[in-house]
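Subject: Handing over a structure

Dear colleague,

I am passing this structure on to you, together with some notes on what was found in it. Please look at the sequence and the model before you read on.

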Amino acid sequence: MGQSSTSKKRRSRDAATKMAEQRLSVLELARKLGNVAEACRRRGMDRTSFYEWRRRFQTHGFEGLKDLPPIHKSHPQTTPPETVEKIKALALEHPAYGCNR
């Protein structure tokens, strides 16, 4: 048996795509209504987020509406753990030393 036309249209979408589609629908609703505040009120979104998503959509398209990847825990300019331990040991040995010493 062949697939029906509705089952062909159903594609597995990930959570990021679904969220991006919801954000796009708010942008379209605001354009349709001509009122950002009313569109945000209807969808339960604050206007600050709306303008952020609109800016990202204008610069990056649909992909800009997806969530950004998480920020890494380590930073390239982070003080090495060995140095941190030396500073802690020095501070415990000489509690009267200030940050300038």
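A salt bridge here is a side-chain nitrogen of Lys or Arg within 4 Å of a carboxyl oxygen of Asp or Glu. The model is a predicted one, in which local features need pLDDT of at least 70 and side-chain atom pairs count only at pLDDT 80 or more, while totals for chains, interfaces and linings use all residues. Residues are numbered from 1 along each chain as its sequence is written, and side-chain values use heavy atoms, with hydrogens and water left out.

Searching the whole structure gives six salt bridges. One of them joins Arg23 and Asp67, at 2.9 Å from N to O. Arg23 belongs to helix H2 (residues 15–33) and Asp67 to the loop between helix H4 (47–60) and helix H5 (81–93), so this pair ties together parts 44 residues apart in sequence; helices (H or I, at least four residues) are DSSP runs, numbered from the N terminus. Arg23 is buried, at 10% relative accessible area, where buried means under 20%, exposed over 50% and partly exposed in between (1.4 Å probe, protein chains only).

Another salt bridge links Glu38 and Arg42, at 3.1 Å from N to O. These two residues are four apart in helix H3 (residues 36–43), and therefore separated by about one helical turn. Glu38 is partly exposed at 24% relative accessibility, whereas Arg42 is exposed, with a relative accessible area of 53%.

Best regards
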